[in-house]
Amino acid sequence: MKVFVILPAAGIGTRMAAAQPKQFLSLGGLPILIHSLRAFAAVPRVSALYVAVRETEISRVQSQITEFLPGHSHPPIHVVAGGDSRQESVSNALTALPAAPDDLVLVHDAVRPLIDAATIDRTIDAVFEYGAAIVGLPAIDTVKQVERTAHGALISSTIPREYVVLAQTPQGFRCDLLRRAFAEAAADGFVGTDEASIVERAGHSVAVVPGSAANLKITQPADLALAEFYLAQRT
Ligand code: C5P
């Protein structure tokens, strides 16, 4: 059984208002994408990594990989063309994977550079046991369901915190399950914001592995400052 990793990194990152997509911004002197790649490349059970980037950025990413992940002491890293949505980017990489039905596939946001090896290992263990598992952060704030009205949001109910986790990545699945769920979503025109939502609608339950605040998704300018803080604490 092999473990493949897909890193969707083809986003444009409009919320960051930066000169380049957020996965290429510098964190502690290295591109964010390189931090994410290094985290998975250092996990012994990982067999190969597939990064999905915009067609126009393929050669830039290949040079960064040669520069920052040199040599053969890590699993092979392949760069494939992404798509117009995260789901399309993952789907393109999934098509390129030389994976057997019972191999495992982990999908990780390229813009979550501070994922740690222990969490990756726990996710792999949980996918092995349940067929599908994601990293999730228990909710700290009280969670409200709202209705959108012309005058703003109105609360319709309060969801008890113990029933809520915030989905992070990695999200891992048996390859045959993920491929079937993606095919069903494509046939139905369903677009999800994560892989778990696609697998849930295919009728498979998904386990949750505890995440951490440090595994944040870099989305807005303040997130980069927070990530620098967590990185400095780590080193
Ligand atoms: O900002 P968002 O939540 O969509 O980004 C999550 C991840 O999905 C990022 O790593 C981003 O680069 C990636 N993505 C992608 N292809 C797209 C849109 C986002 O690979 N078309």
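Which residues line the second largest pocket? They are Arg 112, Leu 137, Leu 166, Ala 167, Gln 168, Ser 212, Ala 213, Asn 215, Leu 216, Lys 217 and Thr 219.

## Basis

This is a predicted model: local features need pLDDT of at least 70, side-chain atom pairs count only at pLDDT 80 or more, and totals for chains, interfaces and linings use all residues. Residues are numbered from 1 along each chain as its sequence is written, and side-chain values use heavy atoms, with hydrogens and water left out.

## Second largest pocket

A pocket is found on a 1 Å grid over the protein atoms alone; it is an open set of points where a 1.4 Å probe fits, with protein on both sides within 12 Å along at least five of seven lines. Lining residues have an atom within 4 Å of a point. The second largest pocket has a volume of about 170 Å³ (the space filled by probe spheres set on the points, which are joined across faces, edges and corners).

Strand S10 gives the most to this lining, with three residues. Strands (E, at least two residues) and helices (H or I, at least four) are DSSP runs, numbered from the N terminus. By class, the lining has five nonpolar, four polar and two charged residues. Ala, Val, Leu, Ile, Met, Phe, Trp, Tyr, Cys and Pro count as nonpolar, Asp, Glu, Lys and Arg as charged, and the others, Gly among them, as polar.

## Largest pocket

The largest pocket has a volume of about 690 Å³. Its lining holds 30 residues. Arg 15, Lys 22, Arg 86, Asp 109 and Lys 217 lie nearest its centre. Helix H3 (86–96) and strand S10 (165–174) are the elements that give two or more residues to this lining. The largest share, four residues, comes from S10. The lining divides into eight nonpolar, 13 polar and nine charged residues.

## Ligand

The ligand takes the space of the largest pocket (more than half of its atoms lie within 2 Å of the grid points). Around the ligand are 17 residues, each with a heavy atom within 4 Å of it. Pro 8, Ala 10, Gly 83, Ser 89 and Lys 217 come nearest. The shell has five nonpolar, five polar and seven charged residues.

Polar contacts are pairs of N or O atoms within 3.5 Å. A polar backbone atom of Ala 10 is 2.8 Å from a ligand oxygen. A backbone N or O atom of Gly 11 lies 2.9 Å from an oxygen atom of the ligand. Ser 89 places a polar side-chain atom 2.7 Å from a ligand nitrogen. The protein covers 86% of the 450 Å² of accessible area that the ligand has on its own (Shrake-Rupley method, 1.4 Å probe).

## Cis peptide

The peptide bond from Thr 169 to Pro 170 is cis, with omega near 10 degrees. Pro 170 is in strand S10.

Notes: Polar contact = N/O pair within 3.5 Å; in protein donor to acceptor, adjacent residues only side chain to side chain.
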